[in-house]
Amino acid sequence: MVSIARKNLFQDLPRFIVAQAGIMFAVGLVTIQMGLLNGFTRSSSLLTDSSTADIWVASQELRYLDLTLPIPYERLEQARNVNGVEQAEALITQGSVWRYGISQIAPIRIVGFDPEGELFQPEPLIEGSWAELNNPYAIAIDRLDLTTLDVTGLGDTSEIGSFRTDVVAITSGIRSIVSSPFVFTSLNNATAFLNSPVAAPVSDPPVPPELQPESLITFVLVKARPDENLQQLKRRLEVALPDVMALTQDELADLTQDYWRQSTGVGFILGLGAVVGIIVGTVVVGQILYSSVSDHLREFGTLKAMGSSDWFIYRIILEQALWMAVLGYLPGMALCLGVGAWTLEAQAVQILIGPTTAVGVFVVTVAMCSGAAVFAIQKVTRLDPAVVFKSS
Amino acid sequence: MPFPFMTDIQTDIAAPNVQYAISAERVEMVFGSGDQAFKALKGIDLKILTGDIQLLMGPSGSGKTTLLSILGGILTPSGGSVSLLGQEITGLSRPKLAKFRLNHIGFIFQGFNLFPALTAAENVEAALNLKRVYGREARQEAWRLLEQVGLADKGDNLPQDLSGGQKQRVAIARSLAGKPRLLLADEPTAALDSQRGRIIIELLRKLAKEECCTVLMVTHDPRIIDLADRVVYVEDGMILPEAPSSFTHLV
């Protein structure tokens, strides 16, 4: 079958290129907004990605990953005694202040964990080793935060509270858009940092003490025994441990992502940007299709005079719209993937474009172009075939 | 050998062999309403024999093209009745009229109205696609029709690369797609010089006779009168009983 749509489309190349640029722009805008929203929500629960735990036990006041009250360290031992628990480890996360240079400060989030443990391992580690975090006041930071924290690399020092820290390990790409830079350390070091007043560095600091049952931690990470029913284990943990809430890792991630998406304006703003992209794309495609149909009105009138059904002509216009959608989507998406890779590498801002987003944006692009075709279709519907008998 | 696709494009509307291919009775056409109403056709009676080549002549604004549009089932008359190939079409719905045109009428236009983005062969093939003939069958038939109009070597050319006469030949080939029983032509020679115009009409006459088509042609051109079987003259929305002296003088 002769593709009148495709031939019409490529007949006027400059106009075709302008149309495709418009669609590319719309695809880019929608994809980047969606990618940023995905990256943002994923980033908000980034710490859970470093864990292989099945269940996170926290204070029953927990709102989301970064907003909760501490629980006593003894909950760890209590959790280990619950039937169905194979392994349990403590985790501390709390905000603090990083001091560097002369009177310079920066917000940080201290993450204390068991460097020999198995349930929490921030990856990838690109320099140093986790074992060195057991050294007093040893820390690990991410390479993307080196500049922010004014650290040159391994062996550099700075201050948290009244303690001088040693950078003994460096991770890569563990940075959250919604959180301060992560400072990873051992549980003992974390407790020492968080209990230390902001003061001049102690010249000969004592070795951080071991955690006591009454020491404060943030989470107990639990690994269930194989084939254990997690919902039942959660209930057993909540019964056995006073004043706690138990969530599966996915539940905690969802809770945190929902909070950032809904309780802040970020989801709305990025969604609005995507809608603007769709509107821009629809207008651009609509204009191009409308003017293309106007230019070929006599030919469409001829088809009508010859006895073509309206649907035959609608198919031509819709096919033209689909070609525009596909040929605008492919380079638009390629561009977004390139931009996403660049922002992740250069700025650690994740524009997360997964298969679902890619397919979703394609569907939106097709819908956008098909919707834009409605204007052109209306023009053809109103077209009187007698137009063919008017001299040109 | 009959076209294999002819059976595919038959509709519920029968097209039997009849004495008159076109029969119009008291056809009226009024444009506008109230004080602005303009009566373009004032009770036209016309019968065209099957297989005839008939010219519809008259000055500009006489109502020729309006009459052609009505006889082609494109415009619905304000009054009177029209029967094509034995089928009364005045009461038919728009979709049924479109189907009738698709299956039985070929059109040739003054401005050619070819798709500029399609080659000559593709323009003919598109008309066949419209009649649900697709693929290789449509391509072969398109080239056969182009060969019939003497353009076998121009099938791959875009309309912009063809002369006016060649474009009109493509339009004729397109109008013959699907073997219509009626050919309606609106000023087919208007954009051509007299020599090319005559060649086109001679070709049209030859093909129409070969394909057993009835041809109704609106024209201003008195130099092709001798190629027609019959001529009717329209003036002020009415058919004149005989050729006006101005036309006789021109001929």
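This note walks through salt bridges in a predicted model.

1. Start with the total. The structure holds 24 salt bridges, counted over all chains.

2. Arg15(A) pairs with Asp12(A) in a salt bridge. Their closest N and O atoms are 3.7 Å apart. Both partners are partly exposed: Arg15(A) has a relative accessible area of 21%, and Asp12(A) has 31%.

3. That pair belongs to a network. Salt bridges link Asp12(A), Arg15(A) and Asp295(A).

4. Next, find Asp66(A) and Arg109(A). Their side chains form a salt bridge, at 3.6 Å from N to O. Asp66(A) sits in the loop between β1 (55-59) and β2 (71-72) of chain A, while Arg109(A) sits in strand β4 (residues 104-113) of chain A, so the pair ties together parts 43 residues apart in sequence. Is Arg109(A) buried or exposed? Arg109(A) is buried, with a relative accessible area of 13%. The cut-off for buried is under 20%.

5. Now turn to chain B. Asp229(B) and Arg205(B) meet through their side chains in a salt bridge, 3.6 Å from N to O. Asp229(B) lies in the loop between β8 (214-219) and β9 (230-235) of chain B, and Arg205(B) lies in helix α6 (residues 194-211) of chain B, so this pair ties together parts that are 24 residues apart in sequence.

6. A last point on the chain B pair concerns accessibility. Asp229(B) is partly exposed, at 31% relative accessible area. Arg205(B) is partly exposed too, at 26%.

How values were computed: Residues numbered from 1 in each chain as written. Chains lettered and ligands numbered in written order. Predicted model: local features only at pLDDT ≥ 70, side-chain atom pairs only at ≥ 80, totals over all residues. Heavy atoms only, no water. Salt bridge = Lys/Arg side-chain N within 4 Å of Asp/Glu carboxyl O. Buried < 20%, exposed > 50% of the residue type's maximum accessible area, 1.4 Å probe, protein only. Helix = DSSP H or I, 4+ residues; strand = E, 2+ residues; numbered from the N terminus.
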